[in-house]
Amino acid sequence: MQNFTFYNPVKIIFGKGSIPKLGGEAARAGRKALLIYGGGSIKNNGVHEAVTDSLVKNGITVVEHAGVKPNPVLTHAREGVKKAKENGCDIMIAAGGGSVIDEAKAIAAGARYDGDLWDFFSGRAAIKDALPVFTVLTIPATGSEMNQGCVITNEVTKQKFSTVSPKIFPKVSILDPETTLTLPAIQVANGGVDALAHLIEGYFTTRDADVTITDELVHAIARSVISGTDRIRVNPGDYDARASMMWSATLALNGLQSLGYGGTSFANHAIEHSLSALYDIAHGAGLAIIIPAWFKYHLKTDGPGRLEKFGSAVFGVKTAEETITAFEKWFGKIGEPTRLSEAKIPAADIPEIAENAMGLIKRWGMSYDLKTVEEILKKAK
Ligand code: NZQ
Ligand code: ZN
């Protein structure tokens with residue numbers, strides 16, 4: 001087990017009926033909120049009303065920044081920074097999924113910076129300060145509600161890059177599973193794939209294969225993500241499945257999932273971000289395409305050991321090949337594509353996708369070269 005430092009200061013308020021607690025929490029940090037949300041789901045399911053009620057009751061003035069896109073884009077985040085600065089907002093309220101939370105984190109940092117927001121993503125500057133962020137999560141998927149990461153797409157350069165800073169950990173995140181009852185089935189599936197992907201990245205790239213506690217934690221969360229997704233598919237009104245799913249996805253990327261591993265990398269994410277940057281497909285769908293292909297590459301380079309261990313603990317299968325098949329079957333069952341062709345991405349684009357992925361691979365300091373990325377993508381044809 002490798003040495004580690006674990007720091008996670010996010011206060012989680014979990015359970016049905018917990019949105020009214022938002023205002024009291026936020027009022028300790030500021031008086032004027034920028035309320036950031038997406039394309040309108042929170043207006044249809046009552047979350048918008050519950051959030052604004054709670055803020056207003058606690059003396060907080062609300063300025064709105066709506067229209068965050070899935071795979072949030074730089075121009076919209078820049079508009080948010082301008083709005084926050086012009087209106088003197090002192091708190092960020094993100095109500096929605098990972099896209100909304102990520103854009104809120106970006107705006108929070110941009111509002112306390114004189115240069116251009118993209119500097120944080122290109123590596124030109126580090127985040128030294130940020131306005132406090134509060135979140136109301138409406139889709140279990142990214143873990144952004146309890147981590148220090150944030151992903152934005154630069155639509156001009158077609159780069160989907162990330163930045164990380166302890167300054168952008170949310171102060172408080174409200175997780176009310178009832179907010180997820182309105183999620184379309186495919187979004188539940190996308191979230192399930194993403195949470196599973198977050199567990200896989202560390203588990204399969206660990207430098208240290210003897211970290212029992214983290215391995216077992218990963219197995220347990222993975223089983224819970226899979227069973228939660230399956231239960232919700234069968235009965236979308238199953239509150240306990242919604243609740244377990246919500247907390248599982250948060251645990252899948254709040255830092256605990258890779259403690260003690262050392263030297264891990266986000267290989268599947270590095271390649272997937274190019275699919276969502278170039279074709280604007282859902283992050284979860286892109287991962288469902290990349291993961292089986294990456295496993296085939298991993299099996300060749302690293303051997304069957306970890307695949308056998310994971311497959312036995314999570315899917316009840318014996319061999320590495322059976323584990324890969326189990327992933328593919330489950331992705332297919334929940335409606336996800338597992339090949340580029342299923343997402344209508346032509347195989348002829350592979351060189352361009354690989355070239356694009358090299359940007360993030362270099363930014364993340366990974367050792368993959370262009371040939372390797374092309375080799376993985378070819379297995380996803
Ligand atoms: O825009 P609205 O109308 O809100 O609709 C959203 C959106 O269309 C909808 N939705 C969300 N909650 C809903 C709902 N519809 C009905 N009822 C609800 N309760 O779902 C759609 C997808 O939302 P989005 O926020 O895009 O999903 P997700 O949470 O999967 O976020 C994806 C983004 O997060 C990034 C991804 O790359 C992608 O850009 N990630 C962020 C990470 C992080 N910060 O740690 C890590 C991840 O690996 C990931 O890269
Ligand atoms: Zn992800």
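Contact here means heavy atoms within 4.5 Å. The model is a predicted one, where local features need pLDDT of at least 70, side-chain atom pairs count only at pLDDT 80 or more, and totals for chains, interfaces and linings use all residues. Residues are numbered from 1 along each chain as its sequence is written, chains are lettered from A and ligands numbered from 1 in the order in which they are written, and side-chain values use heavy atoms, with hydrogens and water left out.

Ala189 sits in helix H7 (residues 185-205); helices are DSSP runs of H or I with at least four residues, numbered from the N terminus. Because its relative accessibility is 2%, Ala189 counts as buried, a word that stands for under 20% relative accessible area, with a 1.4 Å probe and protein chains only. Pro140 is 49 residues away from Ala189 along the chain, yet their C-alpha atoms are separated by 9.9 Å.

H7 packs with helix H8 (residues 212-234) at an angle of about 170°, and the two axes are 10 Å apart. Axes are lines fitted to C-alpha atoms, for helices over the stretch in contact, and angles run from 0 to 180 degrees between N-to-C directions. H7 is therefore roughly antiparallel to H8, the label for angles over 145 degrees. On the H7 side the contact includes Ala189, Gly192 and Leu199, and they and their neighbours meet H8 residues, among them Val225 and Thr229. Sorted by class, this contact has twelve nonpolar, three polar and one charged residues. Nonpolar covers Ala, Val, Leu, Ile, Met, Phe, Trp, Tyr, Cys and Pro, charged covers Asp, Glu, Lys and Arg, and the others, Gly among them, are polar.

Now for the metal. The zinc ion (ligand 2) has Asp194 (OD), His198 (NE2), His269 (NE2) and His283 (NE2) as its protein donors, at 1.9 to 2.2 Å. Donors are N, O and S atoms within 2.8 Å of the metal (3.2 Å for Na, K and Ca), and sites may look incomplete, as water is not among the atoms. In sequence, the spacing of these donor residues reads D-x3-H-x70-H-x13-H. His269 and His283 are both buried.

His269 also takes part in a helix pairing. The axes of H10 and helix H14 (residues 350-363) come within 8 Å and cross at roughly 120°. The H10 residues in this contact include His269, Ala270 and Leu278, and those of H14 include Glu352 and Leu360.

Note on methods. Buried < 20%, exposed > 50% of the residue type's maximum accessible area, 1.4 Å probe, protein only. Helix = DSSP H or I, 4+ residues; strand = E, 2+ residues; numbered from the N terminus. Parallel < 35°, antiparallel > 145°, perpendicular 65-115°, else oblique.
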